[in-house]
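Welcome! Take a look at it first, and then read on.

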Amino acid sequence: MDAENQNTDDEDIILSELGDDELVEQMHDDLYDGLKEEIEEGTNLLLGRGWSAEKVLNVALVGGMKIVGIDFRDGILFVPEVLLAANAMKGGMEILRPLLAETGVKPIGKMVIGTVKGDIHDIGKNLVAMMMEGAGFEVVDIGINNSVDEYFAAMEEHKPDILGMSALLTTTMPYMKVVIDEMVKRGVRNDYVVLVGGAPLNEEFGEAVGADGYCRDAAQAAEMGSELLRERREAAHA
Ligand code: B1M
């Protein structure tokens, strides 16, 4: 097929006419191509067909981003294209945000979360913030590229129960230890539950840096945050 016909075919795709599986496949392609409006439309369509916000997130958006990640790693996609994909993903996430947060539960605690110094990846962190809100937490998101001082300023200002740190680079993940060591040094480490996460981390790393927990994904962060906070409160009242 020549390029012109290919384009015509692409333009002819009507998302609402696709079955669920085809629509998800098309959304993966659209995410790959950084087509934000199409991702927003697909997200709304799946929700309209009765998909839960979690399922749309995991199957259509996170699933698509995995493909982008593989091709980025393999040098098939480059930073500008990945930025467009990330922007398209955020379009879908913004639609899901209120739904994920819609639990009607009173805040069960507060979390400050941010990506560590030197690291500008924020999609995973944003998802964690949404899931924590969904689990009933008040979340203060301090964004990306946070220094020790910025984490401390946020902890002092917002007095959270939980500090969450995200890192996506092997070069930035050691910074989590810098923050935790400083908490120990200032005698405040035990005032907070510290949770860490990000693709290159694992449980062993979480333990090594002195965190209370390593979270594989956003859903686990919400579960672990609630559980550790409950244990901590019970211990305080024992
Ligand atoms: Co970057 N990047 N990137 N990137 N990027 C990775 C991480 C990489 C693995 C790609 C690859 O080579 N395959 C690679 C790191 C390699 C390594 O360190 N070993 C990499 C690189 C090398 C880079 C640059 C250095 C590229 C360059 O410039 N040459 C550069 C670094 C910039 C910097 O930070 N200083 C860079 C830049 C970028 C973009 C700006 C283009 C863009 C970021 C856009 C944005 O975030 N706004 C980008 C992206 C999008 C990626 C990939 C493709 C996708 C990351 C993502 O959003 N995943 C990524 C490849 C990959 O991870 N497969 C890659 C989806 C997200 C939902 O998953 O973030 O893992 P994730 O979050 C999960 C869990 O990890 C967990 O829950 C989340 C949701 O379930 N979680 C937490 C995350 N944080 C948590 C915190 C918690 C708990 C759980 O706290 C309690």
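H28 counts as buried, because its relative accessibility is 18% and the cut-off for buried is under 20%. Please keep in mind that this is a predicted model. From H28 we can move on to the helices around this residue, and then to the chain as a whole.

**H28 and its surroundings**
- H28 is part of helix α2, which covers residues 20-32.
- Which residues does H28 touch, once its neighbours within four places in sequence are left aside? The contacts are with V59, A60, G63, G64 and I67.
- H28 and V59 are 31 residues apart in sequence, while their C-alpha atoms lie 9.4 Å apart in space.

**Helix α2 against helix α4**
- The axes of α2 and α4 come within 9 Å of each other and cross at roughly 45°.
- That angle makes α2 oblique to α4, and the crossing of the two helices is right-handed.
- On the α2 side, the contact is made by V24, M27, H28, L31 and Y32.
- On the α4 side, V59, A60, L61, G63, G64, M65, I67, V68 and D71 take part.

**Helix α3 against helix α4**
- Helix α4 (residues 53-73) also packs with helix α3 (residues 36-48), at an angle of about 135° and with the axes 10 Å apart.
- Are α3 and α4 parallel or oblique to each other? They are oblique, and their crossing is right-handed.
- Helix α3 brings I39, T43, L46 and L47 to the contact, and α4 brings A53, V56, A60 and L61.
- This contact of α3 with α4 holds 7 nonpolar residues, 1 polar residue and no charged ones.

**The chain as a whole**
- The secondary structure of the chain comes to 10 helices and 5 strands.
- The chain has a radius of gyration of 20 Å, close to the 18 Å that the globule rule gives for 238 residues, so it is as compact as a globular protein of that length.
- Along its principal axes, the C-alpha trace spans about 65 × 40 × 30 Å.
- How much of the chain counts as buried? The share is 45% of the 238 residues.
- Of the contacts between residues at least 6 apart in sequence, 71% join residues at least 24 apart.

Technical notes. Residues numbered from 1 in each chain as written. Predicted model: local features only at pLDDT ≥ 70, side-chain atom pairs only at ≥ 80, totals over all residues. Heavy atoms only, no water. Axes fitted to C-alpha atoms, helices over the stretch in contact; angles between N-to-C directions. Helix = DSSP H or I, 4+ residues; strand = E, 2+ residues; numbered from the N terminus. Parallel < 35°, antiparallel > 145°, perpendicular 65-115°, else oblique. Left-handed = near helix turned anticlockwise from the far one by under 90°. Contact = heavy atoms within 4.5 Å. Nonpolar A, V, L, I, M, F, W, Y, C, P; charged D, E, K, R; others polar. Rg over C-alpha atoms; globule rule 2.2 N^0.38 Å. Buried < 20%, exposed > 50% of the residue type's maximum accessible area, 1.4 Å probe, protein only.
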